[in-house]
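Please work through the exercises below with the sequence and the model open beside you. Each task is followed by a solution that goes step by step.

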Amino acid sequence: MTRLDRLVASGVPDDEAVAAVLPSAERLAKGPVAVIECFQEIPCDPCAAACPRGAILPFGDIKDLPSIDHELCNGCANCVVKCPGLAIFVIDVSSGGDRVIIKMPYEYLPLPRRDQEVWGLDRSGKRVAKVKVLRVQRPAAFDRTALLTIEVPASEVHNVRGIAPPAGGDDR
Amino acid sequence: MTRTEIVVVGGGPAGLAASLAASRSGAKVLLIERQAQLGGQLVKQTHRFFGSSAQSAGVRGITIARDLAGQAASMPEITVWTQTEALGYYAGGTLLAERPERVEIVQGARMVLCVGASERPLAFPNNDLPGVYGAGAVQTLMNVYGVLPGRRVVMVGAGNIGLIVSYQLLQAGVEVAAILEAAPQVGGYLVHAAKIARAGVPIMTSHSVVAAFGETELVGIRAARLGPDWRPVPGTGFDVDCDVLCLAVGLSPLVELARLVGCEVCYIPELGGYVPVHDDELETTVPGVYVAGDAAGVEEASSALIEGHLAGLAAAHGLYPQVDYEAHRGAALAELEALRAGPTGAKIRVGLSKMAQVKGGGRQ
Amino acid sequence: MRIKDHPILDFPPRREVAFTFEGRELIGYEGEPIAAALQAAGIRVLREMPGGRPRGFFCAIGNCSSCYVVVDGRPNVRSCIEPLREGMRVSRQIGHGELR
């Protein structure tokens, strides 16, 4: 079975699929950068227009997979809140330490609170580690997609892609 | 008797786009819609649209609905009748339209049918219990009327509708116990599936519902794994408690009005079932009657918008010839082609090529 | 049950109206489909088919006839698209209903 075959059966990208869209270790060490977990040719291209730096290259054909120049990307996360598939994440491992940063889109209530500890979930929704919410941004310009900045154990930075519903978070 | 130039039946994305295109070409339009509000299925689409910027990619369906309905309301050439249902049709272009207080007789020179599609049911014991709902119906309850359908849902179908409605159920605070998909793979966009999977909802491919339980209302279901012959494998049944079973197993175009009008229909599974025979100007076998959107073949809202636009242009061009008609049409057709390209457009392309081959179809 | 807070949608306050279902007084929002008001009140069995099987909401577009109720003595009302008005007397449709 090819990578896409496995993905098509379950909907969950496997490690191999994810590895193929990761920036180089060298780039990851430099600072925040976007990881686009989009593996299927569908007619969709708003990520390219969302990027203010042209790091996501203009689409030749609307069904192409997005092509990102990680050197041009500065991890601003504009694309994260614009992607209709909620498939883009920004990761920042440049601190080099045990705890590193992930920015992810979030469209549920309640919103977590700043400094709240919640469970980080992997791509199958399994709890993998406790994570800390550093920031919750939901300005009008994001059109109701919140951007969460969370701190995760470095060992789980390529696994955590969601959080469990926070206990007693904010209702708005 | 109300006289108009173009009657558009159905005020969803196709009907709204058709009305706008026709009125901008100079025609008088009467847009009739069965529900109390315009927008069709768009009014419940809380997710961001795919496609390109020309089809409002990245914009939420609910916003597109509001913008289009607002544009239609601002065009003096478009008269909108909501809570109005097309009841009958008589030769010569006379439509019977039922309004809340009276039945109206409408005379138009052209008609565009944008009546959409309906959910397919699924056959299994107790499939008629209250609590077994169409997925679109659940979406309407939640997103239009703000009412929760229940506490714990099992979704049948992992096409785009099943996946999107499952996500919207989670957003409304409803538990989704599982998604059962009969095929060996997810049918909808993988990014939709990935979003649901991240929330811990199991997507069980090669599974389906085999029975529902409950005295007067649904209390649970039995699911089973399907073998390569699509039949339940004995011994694999397991029960799931739930108070809602959502069926998202496909849509079929609504063809009653087209048949009443005398349009030839043909059966094309890739388009959703019976569908009015039409050419690439979206004209049916009855001259002056056009079809667009899901009524012409089940697809996506983005395609419905463009098809409606094309049908409105074509209907108006017959009355008010436009010098840039071919250029305008060509641009819209190119957009449709781009949307339908690639692996995810394979089914619709097969369906449309079958339509093109139908003997005596449209104005080939 | 009604949704109170939603991450994407705002549900602005609407005018509450009183109506009855099977003689029981309920409150709903003016203009919402009768079936939505009943669902919000936890009522899902809307009719009893000839033969006795219970039926309720299904398609929500006025197509399938599963949701017929009797309103102010009038049968075959598609509760999924019929707007609720103040003072409506709604009851389950039993069998084919009775035409006046």
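**Exercise 1: the surroundings of R48(B)**

In this predicted model, a polar atom of the R48(B) side chain lies 3.1 Å from the backbone oxygen of V81(A).

Solution. Then follow the side chain within chain B, where it reaches the backbone oxygen of G58(B) at 3.2 Å. Finally list the neighbours, leaving aside residues up to four places away in sequence: R48(B) touches V81(A), K82(A), C83(A), P84(A), E107(A), F142(A), D143(A) and T145(A) in chain A, together with G58(B), V59(B) and R60(B) in chain B.

**Exercise 2: the interface of chain B and chain A**

Task: describe the contact between chain B and chain A by its area, its polar pairs and the elements of chain B that take part.

Solution. As a starting point, the size of an interface is often given as the accessible area lost when the parts come together. Here that area is about 2,900 Å², with 56% of it given by carbon and sulfur atoms. On the side of chain B, R48(B), L190(B) and R198(B) lose the most area to chain A, and together they account for 27% of what that side buries. The contact draws on 36 residues from chain B and 38 residues from chain A.

The elements that give two or more residues to the side of chain B are helix 2, helix 4 (160–171), helix 5 (190–198), strand 13 (203–205) and helix 8 (325–340), and the largest share, 7 residues, comes from helix 5. By class, this side divides into 20 nonpolar, 12 polar and 4 charged residues.

**Exercise 3: the interface of chain C and chain A**

Solution. The contact takes 6 residues from chain C and 7 residues from chain A. The salt-bridge count is 0, whereas 2 residue pairs are in polar contact, both at pLDDT 80 or more. The side of chain C that touches chain A consists of 3 nonpolar, 1 polar and 2 charged residues.

**Exercise 4: helix 2 of chain B**

Task: find how far helix 2 of chain B reaches, and which elements its buried residues pack against.

Solution. Helix 2 (residues 61–74) has 14 residues, and from its first C-alpha to its last it reaches 20 Å, close to the 20 Å expected at 1.5 Å a residue. Its buried residues are G61(B), I62(B), T63(B), I64(B), A65(B), L68(B), A69(B) and A72(B). These buried residues pack against helix 1 (13–24), strand 4 (78–81) and helix 7 (301–317) of chain B.

How values were computed. Residues are numbered from 1 along each chain as its sequence is written. Chains are lettered from A and ligands numbered from 1 in the order in which they are written. This is a predicted model: local features need pLDDT of at least 70, side-chain atom pairs count only at pLDDT 80 or more; totals for chains, interfaces and linings use all residues. Side-chain values use heavy atoms; hydrogens and water are left out. Contact means heavy atoms within 4.5 Å. A salt bridge is a side-chain nitrogen of Lys or Arg within 4 Å of a carboxyl oxygen of Asp or Glu. A polar contact is a pair of N or O atoms within 3.5 Å; within protein, one must be able to donate a hydrogen and the other to accept it, and residues adjacent in sequence count only if both atoms are side-chain atoms. Ala, Val, Leu, Ile, Met, Phe, Trp, Tyr, Cys and Pro count as nonpolar, Asp, Glu, Lys and Arg as charged, and the others, Gly among them, as polar. Helices (H or I, at least four residues) and strands (E, at least two) are DSSP runs, numbered from the N terminus. The expected span of a helix is 1.5 Å times one less than its number of residues. Buried means under 20% relative accessible area, exposed over 50%, partly exposed in between (1.4 Å probe, protein chains only). Buried area is the accessible area (1.4 Å probe) that two parts lose on being put together, summed over both.
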